Protein chains: 2
Amino acid sequence: MTAMAREMAEQPEVIGTLLGRREEFAARLREVARAPLAGVLLIARGSSDNAAIYGRYVLEAALRRPVALAAPSLWTRYGLEEDLRGYLAVGVSQSGKTPEITDTLERVRAAGATAVAVTNDAGSPLAAIADATIDLGAGPEEAVPATKTVTAQLAAFAILADALGEAPWPDAAWDAVPRAQAEVLADDAAAEAAGAAIARSSSHVQLGRGFLFAVALEGALKVAETTGLASQGFSVADFLHGPVAIARPGTSAVAYAEPGPVAQDVREAAARAREGGAELIAVGEEAGPADLRVAMPAGVPEALAPLVHVVRAQQLALHATLALGRDPDRPQGLTKVTPTT
Amino acid sequence: MTAMAREMAEQPEVIGTLLGRREEFAARLREVARAPLAGVLLIARGSSDNAAIYGRYVLEAALRRPVALAAPSLWTRYGLEEDLRGYLAVGVSQSGKTPEITDTLERVRAAGATAVAVTNDAGSPLAAIADATIDLGAGPEEAVPATKTVTAQLAAFAILADALGEAPWPDAAWDAVPRAQAEVLADDAAAEAAGAAIARSSSHVQLGRGFLFAVALEGALKVAETTGLASQGFSVADFLHGPVAIARPGTSAVAYAEPGPVAQDVREAAARAREGGAELIAVGEEAGPADLRVAMPAGVPEALAPLVHVVRAQQLALHATLALGRDPDRPQGLTKVTPTT
């Protein structure tokens, strides 16, 4: 078994444990961040950036305040000075050591923001800077493609949203998440067939909208990292504004949907990709007619479903990589910590 | 001559005229938007979204307040209710008729934000909703790939930044922009050679950072739209966090840089892409060693340079399309107004 597959398999336990600590984190978060917030600023890169896109939706839905993704270069390169009193800033880094993220969090905190660290190392520089830390507790990650730490970051944003606002799901939904993740992991025959379809394609797109948009971004990044295939994730609205032209024979496309107000939009975009000649892989029953379908467990509300869909996205990338005869643990040209400053 | 080439050639005049009206727009903007703003919210899709990324940098640099890109689905699909008093919201739509943009601007205005429309039709629904409008005055655009209207949107954000904050350029810099655009248009031999290199590649990436990040996004979108090639724009920091794996033989890469605090970052990422085997096209002298170089005029400050670099980006896409023997005016699978709601 590859390290990537092993770490994927740890997710129900890692996420179950993390979600189980939500009241402990919430108490600390409520101590340091006072409502009403002026706004929220998220600081992240790479896979963490995709988690932050989910954070962007779930925090804005729960807090009803605008959420911005920081442009780190404005802080670290251009030396911007702002007054951020009343703002909540969340820095996300698995290692807690990405200099660009720690440097930006330090600067926005100095500008007056309350700083929260989301990291897998509670003893890291990022945690040392922050007023409160959500310690992911995911354990060491050996495979270069991040899996359990990304899912844990998604969980951290769900915890933050629930702690500081009104999260759009009932309390009973928390327990459904690790259960649904385990169900996805136990059932991977269809994902294997879909991975083979991705492996034989010459370019790849992933589509989502709303809460599941982040999964399309993360899934496409995972495919790009592990297979080296040109691969891109889109919000379906942006996809129809131009990039739909790249959906043609030889392209594989993945569409994520759950029952909810954006399902029809995803179905329409998926149908357009298919009309263009792309081979369409539908994740869930809601994404419309498809060449291949990968089932999803029922009973997880749309706003929490990204924590489950992302496990499917990882499976697709893993199987595409194995179908190509490559080692998913050590993709060409990548290392674990990228020291951008 | 194609409509795309003709409309590109109009840019020095369109932008010169638009920038010349900046005091008129500024007076109206200062009437409706009072400092200090709580924050800024930008609403856009497709090429307009890339203009908004430039807006994100230039407005935050000038206003020193966080700038967020709206997630329209939260407003139009999930029915979010927020209190946006004190916020400035900018809706960007060439036609002023994209239902998703007009609908979102209307909802955020109802939530208390001051609404500004950036549109090419002052009589459009978007302008009717707004408290103030920057009328691009770019004239009709016939080619499907947007060129002069995108550059005009970039100019509108520069005008907004200067009107409501302290723009990071001297007043004399305004006049340098249309002059430099004309210089780029008059000198297109190197862009033609670079376009041919893009045409013979099997995948394509564009790289930038800071103010020029938006040009990499827009340039990559233009190549995707006109050639159908798998094409993606990256901030160099994100690129090094994973997608660098797609830079290999058969990939063409474009890097944009100007003298300034991020030039070294762009040089490093461009060198990594080249090490991976990508054929590197450097735009400007600052992007480091390259396989092909396309010169840029001197004398435009970095924060305004995107208005000039984007003309180069258009040239590269145009020449790549012509080298493939395709019609840039009518790319496969695209229409001018995309009615996402």
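The model is a predicted one. In it, 68 residues of chain A are in contact with 68 residues of chain B, and strand β8 of chain B, residues 251-256, is mostly covered, with six of its six residues buried.

**Strand β8 of chain B and its neighbours**
- In a regular strand the side chains alternate between the two faces of the sheet.
- B:Thr251, B:Ala253 and B:Ala255 point one way from β8(B), while B:Ser252, B:Val254 and B:Tyr256 point the other way, and all are buried.
- Strand β6 of chain B, residues 203-208, runs parallel to β8(B) and is joined to it by five bridges, with B:Gln206 standing opposite B:Val254.
- Five bridges also join β8(B) to the parallel strand β9 of chain B, residues 279-283, where B:Ile281 is the bridge partner of B:Val254.
- From β8(B) the chain passes through helix α13, residues 263-275 of chain B, to reach β9(B), and this β-α-β crossover is right-handed.

**Nonpolar core**
- The largest nonpolar core has 208 residues, and those with the most contacts inside it are A:Tyr54, A:Phe157, B:Tyr54 and B:Phe157.
- Leaving aside residues up to four places away in sequence, A:Phe157 touches several residues, including A:Leu42, A:Tyr54, A:Val58, A:Leu59, A:Val90 and A:Val92.

**Interface of chains A and B**
- The area buried between the two chains is about 5300 Å², of which carbon and sulfur atoms give 52%.
- On the chain A side, A:Arg77, A:Tyr78 and A:His241 lose the most area to chain B, together 12% of what that side buries.
- Six salt bridges are found across the interface; A:Arg209 forms a salt bridge with B:Glu100, in which the closest N and O atoms are 2.3 Å apart.

Terms used. Residues numbered from 1 in each chain as written. Chains lettered and ligands numbered in written order. Predicted model: local features only at pLDDT ≥ 70, side-chain atom pairs only at ≥ 80, totals over all residues. Heavy atoms only, no water. Buried < 20%, exposed > 50% of the residue type's maximum accessible area, 1.4 Å probe, protein only. Helix = DSSP H or I, 4+ residues; strand = E, 2+ residues; numbered from the N terminus. Pairing = 2+ DSSP bridges. Right-handed = clockwise from strand over helix to strand, strands pointing away. Core = buried A, V, L, I, M, F, W, Y, C linked by side-chain atoms within 4.5 Å. Contact = heavy atoms within 4.5 Å. Buried area = accessible area lost by both parts, 1.4 Å probe. Salt bridge = Lys/Arg side-chain N within 4 Å of Asp/Glu carboxyl O.
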